[in-house]
Amino acid sequence: MRVLLTLALFLPGLALAAPGIPAFSSTPGAGGATNYTFSIEALLLLTALTFLPAALLMMTAFTRIVIVLSLLRQAMGTMNSPPNQVIVGLSLFLTFFIMAPVFDKIYDTAWKPYSDNQISLIQAADLGVQPLKAFMLKQTRQEDLALFIGLAKVPPLNTPEETPLKVLVPAFIISELKTAFQIGFIVFIPFLIIDMVVASVLMSMGMMMLSPVLVSLPFKIMLFVLADGWNLLIASLVRTFQI
């Protein structure tokens with residue numbers, strides 16, 4: 001799993017360095033035949049192509065960001081504005097921004113020595129996964145980590161850095177989900193207050209047939225814009241990550 005994860009992270013660089021990783025090799029066989037052999041490294045690269053989306057979604061800051069932005073849209077009641085493409089695109093670029101120090105460490109400690117033929121692919125995998133594990137450990141709650149350590153019956157660990165990925169990744173994911181919903185709850189409160197005030201005013205005026213959601217929508221948009229909501233939300237969201 002470490003090899004696949006590192007290959008997924010190194011994929012852009014490996015694509016540029018493709019001449020150094022032969023995909024096929026041929027050897028002459030009996031009777032003039034030719035035997036073809038598929039490179040193990042090329043096979044791992046092809047496998048990493050399918051693993052890359054899961055690594056990006058579940059081992060980075062993407063999960064927390066996309067959930068908070070989706071809850072913000074639901075709290076405002078703007079239906080499909082901003083559309084899903086915008087939310088996912090913004091989440092991706094914010095993920096790259098937050099994860100940049102981690103990717104830089106992976107490049108310096110693993111990819112660069114590997115591209116200079118100083119270490120093997122397996123050694124690069126072991127070195128490259130360490131910065132990502134350190135990032136996930138900082139975001140993972142101790143109780144979530146203890147839960148999966150107990151479920152997996154992992155022997156006692158000397159340091160948190162020894163936590164295997166099969167335990168760390170699911171613990172990190174549920175920690176991110178909990179954090180995202182906590183932030184979403186805080187985001188919901190001001191918009192919920194506006195909905196309650198508008199509903200109370202309409203009830204007192206006897207305007208039962210007019211939808212409170214329709215009336216409160218422009219007020220929620222105005223509040224969000226006047227408070228510079230995008231700036232406040234994105235800045236607060238980025239600061240929640242301990243890099």
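What is the relative accessibility of I189, and what does it count as?

Guide: I189 has 36% relative accessibility, so it counts as partly exposed. Buried means under 20% relative accessible area, exposed means over 50%, and partly exposed is in between (1.4 Å probe, protein chains only).

Some ground rules. This is a predicted model, in which local features need pLDDT of at least 70 and side-chain atom pairs count only at pLDDT 80 or more, while totals for chains, interfaces and linings use all residues. Residues are numbered from 1 along each chain as its sequence is written, and side-chain values use heavy atoms, with hydrogens and water left out.

Now the setting. I189 sits in helix α7. The protein chain has nine helices and two strands. Helices (H or I, at least four residues) and strands (E, at least two) are DSSP runs, numbered from the N terminus. Along the sequence the pattern reads α-β-β-α-α-α-α-α-α-α-α. Of the 243 residues, 37% count as buried.

I189 belongs to a nonpolar surface patch of about 950 Å². Patch residues have over 30% relative accessible area and no salt bridge; like charges are joined within 9 Å, and nonpolar side chains (Val, Leu, Ile, Met, Phe, Trp, Tyr) within 5 Å. The areas come from the Shrake-Rupley method with a 1.4 Å probe; for residues, only the protein chains shown count as cover.

V169 counts as buried because its relative accessibility is 10%. V169 and M58 are 111 residues apart in sequence, but 7.4 Å apart in space, C-alpha to C-alpha.

Next, charge. Side chains of opposite charge can pair when their charged atoms come close. Here a salt bridge is a side-chain nitrogen of Lys or Arg within 4 Å of a carboxyl oxygen of Asp or Glu. The count is three. One joins R64 to E176, with the closest N and O atoms 2.5 Å apart. R64 is in helix α3 (residues 62–76) and E176 is in helix α7, so the bridge ties together parts 112 residues apart in sequence. Both ends are buried: R64 at 2% relative accessibility, E176 at 0%.

K220 and D195 form another salt bridge, at 3.3 Å from N to O. This pair links distant parts of the chain, with K220 in helix α8 (residues 212–226) and D195 in helix α7, 25 residues apart. K220 is buried at 2%. D195 is partly exposed at 22%.

D116 is partly exposed at 40%, and K112 is partly exposed at 39%.

Then the aromatic rings. The whole structure holds six aromatic pairs. Rings of Phe, Tyr and Trp (its six-membered ring) pair if their centres lie within 6.5 Å; planes under 30 degrees apart count as stacked, over 60 as edge-to-face, and the rest as tilted. F135, F172 and F241 form one aromatic cluster. W111 and Y114 make a tilted pair, 5.9 Å centre to centre with 45° between the planes. They are three residues apart in helix α4 (residues 84–115), so about one helical turn separates them. W111 is buried at 11%, and Y114 is buried at 13%. F224 and W230 pair edge-to-face, 5.3 Å centre to centre with 85° between the planes. F224 is buried at 10%, while W230 is partly exposed at 40%.

F135 leads on to helix α5, where it is one of the buried residues. Others there include L121, V129 and M136. Helix α5 covers residues 121–139. Its 19 residues reach 28 Å from first C-alpha to last, close to the expected 27 Å. The expected span is 1.5 Å times one less than the number of residues. Helix α5 bends by about 25° at Q130, and P131 follows within four residues. The bend is the angle between axes fitted to the seven residues ending there and the seven starting there.
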